[in-house]
Amino acid sequence: MAIGGYKALASVLQNQSAENVVDTVKQSGLRGRGGAGFPTGIKWERAREQPAEPKYIVCNADEGDPGAFMDRGLLEGNPHRVIEGMCIGAFAIGARQGFVYVRHEYPIAVKHILMAVEDARSAGLLGEGILGTGFAFDLKVVQGAGAFVCGEETALIASLEGRKGEPRQRPPFPAESGFKGKPTIINNVETWANVPHIINNGAEWFDSLGSEGSKGTKIFSLVGKVRNTGLVEVPMGASIRSIVYDIGGGIPDGKAFKAIQTGGPAGGCLPPSLLDLPIDFGALQEAGTIMGSGGLIVMDEDTCMVDVARYFTKFLEEESCGKCYSCRKGTQRMRELLDDICEGRGTISHIDLLIELGHAINTASMCGLGQNAATPLLSTIRYFREEYVEHIKDRNCTAGVCSALIRYKILEDLCDGCAACMKVCPVEAIAGEKDQLHVIDVEACVKCGTCLDVCAKNAVVVLSGGGE
Amino acid sequence: MSYKTVSLTINQLPVEVPEGTSILEASQTYGINIPTLCHLDGLSSYGACRLCIVEIGPADKPKVVSSCTYRCEEGMEVRTHTRRIVDTRKIMLELMVSSTPRSKTIQDLASAHGVYRARFRPEDEDCILCGLCVRMCAEQMMAGAIAFAGRGPDRHITTPFDELSELCRHCGGCMYVCPACMYRCMGPKADTTLCSACLNLSPSCVEVYDNQQCWMPPECGTCVRPEGEYLPATGRIMQEEKATE
């Protein structure tokens, strides 16, 4: 309150009409921050026009992307801003009840939002007669049970209603028929948190930030192989280079930048040649990836792109709800083919089949998860095809990641026979006497890499393909 | 009795259907064949098999939806057999044949769509999780004894807590509607004979038309196909006969 909290809500309740608020949000050009980028104002307008009562609003805090924590940061750090945004939204569309759907894996976020709701209620900012006006609105915090797909809005509603978390075909959109069949507005945590700023500073201010078609600022969670990891907030349209090098401080240990994955597990990987790409909805889509909710994973030269594709495909296979045959079976088959390539059973026709299958999955599936299930695969084939070919033709994993394609070797001139590696080897695959050269038995070796970590002389090396 | 209708185009053919009709129903009414495994008249639409996908919206900005769950809208443009849609259906059928090879329904559908190879590792599953049995049980038999459980690879159809349900009356309705376990493909009867059952099917024309669909039977042979593409089964037999004459 003291630093201007709930100022926007007060000004809305005292001086503005609901139409005004919707218009302001529409003019600001705010687009949903959860991933799809749907214009928020248009969504609100649609819900406002619905004659059905009551209306509901929902805050989507089911942030499931590995390595992304924008929503968590906001809910833990400034839950009142989210509540204020939701109050304004409720006033704009005429809702009396709201929900915050937060995943239970965020115990601190749950605690803070519960505390904030309680505080707001006792301060007269939630409940009957908010700020002395006739406006009534209350919030309920609901915890998700940990399904990735419940971040999809129709699956989230199903979960809120107590049904199986499974998306359904839109239309009808939740703005027309959502929770219990009533008009429901679902926005991401970050979207709600943007609303008070827009009201306070005006639509023109927000419109002046960012790039054409993507307005305002966006929080990204910068993780992976960069010096400074964490949350960064930049205007839309900032280049990848400025985020990775100026803010992130570049790649540690003098390694080379190899790829950056945008948009979480269902996003694509971009190569170094696209470092100057501006991050906004349009540019990313053109490059074959997605904005998603704002996860950025930086990878260095020690990363194998085939392995990356396999990892994310496996994640999506497990998190698919299983309703669409294309998504459930398609991701399983995609992972099998990638397993083949990673384990040295691949053929060149694997790549063509993967591309064919990938496009089919993205075309046939219904929700955002399935429609992007093949994006990690397709983008890595698009930008790193030679790496796939190398795995198949030369049985070579240059990054030294795919365990079936690599072997460990002790270099004769560096080994001083300290026996440290022999002691730690879990399968006793290293033979040799003290002060004499040690030799790794390739057949017995399980490629755990422990010997590499303990060798003080750096005599253990990873070899792949035909190279000695 | 009067009811509201909506006008739309399906493959550039102007059609008019009662409000609330799904694209699939509208297409079937007008004789346009869209394959489906998880839709049955009398049961609600679910959209699990993804075979009935169609393109809607302007041709330069198409959107793909499952036609069984999407209702016709005024002025809508629908394309049921574009290259992208037909290719996707073929991959879906190839996935199904690879995983559920003993279903005659799926074998026949795949054959009718020109899927003559299965490039994925063979599996032997009995269920494609289309959910027909779940809806049959709940909506027609009013029992609700079975439902989906689990997520992703663990998804399966079962009774509550995997125990025999008191609600089940052993009516067999679930098995009656099942596209995977009802009719089994037994393959050739003896090693020396060819059953040829699949070849005697009359396949639907699966040629690609970006805007319209050919109304001729597939045997008409007037289609000019690119070299090397498979002919429908019947066409192939006719050619072979010609060769022997």
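Domain bounds in this report come from an automatic or database domain assignment. The structure is a predicted model, in which local features need pLDDT of at least 70 and side-chain atom pairs count only at pLDDT 80 or more, while totals for chains, interfaces and linings use all residues. Residues are numbered from 1 along each chain as its sequence is written, and chains are lettered from A, with ligands numbered from 1, in the order in which they are written.

## Domains of the two chains

For chain B the assignment gives domain 1 (5-80), domain 2 (85-123 + 185-209 + 219-244) and domain 3 (132-177). The C-alpha centres of domain 1 of chain B and domain 3 of chain B are 28 Å apart, and the contact between these domains takes six residues from each of them, where two residues are in contact if their C-beta atoms, placed from the backbone, lie within 7 Å. On the side of domain 1 of chain B that touches domain 3 of chain B there are four nonpolar, two polar and no charged residues; Ala, Val, Leu, Ile, Met, Phe, Trp, Tyr, Cys and Pro count as nonpolar, Asp, Glu, Lys and Arg as charged, and the others, Gly among them, as polar.

Chain A is assigned domain 1 (7-208), domain 2 (214-300), domain 3 (305-393) and domain 4 (403-464), and the C-alpha centres of its domain 1 and domain 4 are separated by 56 Å. The C-alpha trace of chain A spans about 85 × 45 × 40 Å along its principal axes. Chain A holds 18 helices and 15 strands, which are DSSP runs numbered from the N terminus (helices H or I, at least four residues; strands E, at least two). Of the 468 residues in chain A, 52% are buried, a residue being buried if 20 or more other C-beta atoms lie within 10 Å of its own, exposed if 12 or fewer, and partly exposed in between, with C-beta atoms placed from the backbone.

## Helix packing

Two packed helices are described by the angle between their axes and the distance between the axes. Here axes are lines fitted to C-alpha atoms, for helices over the stretch in contact, and angles run from 0 to 180 degrees between N-to-C directions.

| Helix pair | Crossing angle | Axis distance |
|---|---|---|
| α4(A) (70-77) and α8(A) (189-201) | roughly 50° | within 9 Å |
| α13(A) (325-342) and α16(A) (375-393) | about 35° | 11 Å |

In the contact of α13(A) with α16(A), Met334(A), Ile341(A) and Cys342(A) come from α13(A), and Leu377(A), Tyr388(A), His391(A) and Ile392(A) from α16(A); by class these residues are six nonpolar, one polar and no charged.

The helices α4(A) and α8(A) are therefore oblique to each other, since angles under 35 degrees count as roughly parallel, over 145 as roughly antiparallel, 65 to 115 as roughly perpendicular and the rest as oblique. Met70(A), Asp71(A), Leu74(A) and Leu75(A) in α4(A) meet Val189(A), Glu190(A) and Ala193(A) in α8(A), a set that divides into five nonpolar, no polar and two charged residues.

In chain B, the buried residues of helix α4 (residues 132-140) are Leu132(B), Cys133(B), Arg135(B), Met136(B) and Cys137(B), and they pack against β7 (156-158) and α5 (173-177) of chain B. After α4(B) comes Met142(B), whose phi is positive, near 55°.

## Sheets and strands

Two strands are taken to pair if DSSP finds at least two bridges between them. Chain A has an open sheet of five strands in the order β8-β7-β11-β9-β10, with mixed pairing, and its edge strands, each pairing on one side only, are β8 (230-235) and β10 (269-270) of chain A. Strand β9 (residues 257-262) of chain A pairs with β10(A) in the antiparallel sense over two bridges, and Gln261(A) stands opposite Cys269(A) in β10(A).

Five bridges join β12(A) to strand β15 (residues 460-464) of chain A in the antiparallel sense, and Val460(A) in β15(A) is the bridge partner of Ile410(A).

## Contact between the chains

In the interface, 26 residues of chain B are in contact with 27 residues of chain A. On the chain B side, the elements that give two or more residues are β4 (63-66) and α2 (83-99) of chain B, and α2(B) provides the largest share, six residues. The chain B side comprises 14 nonpolar, six polar and six charged residues.
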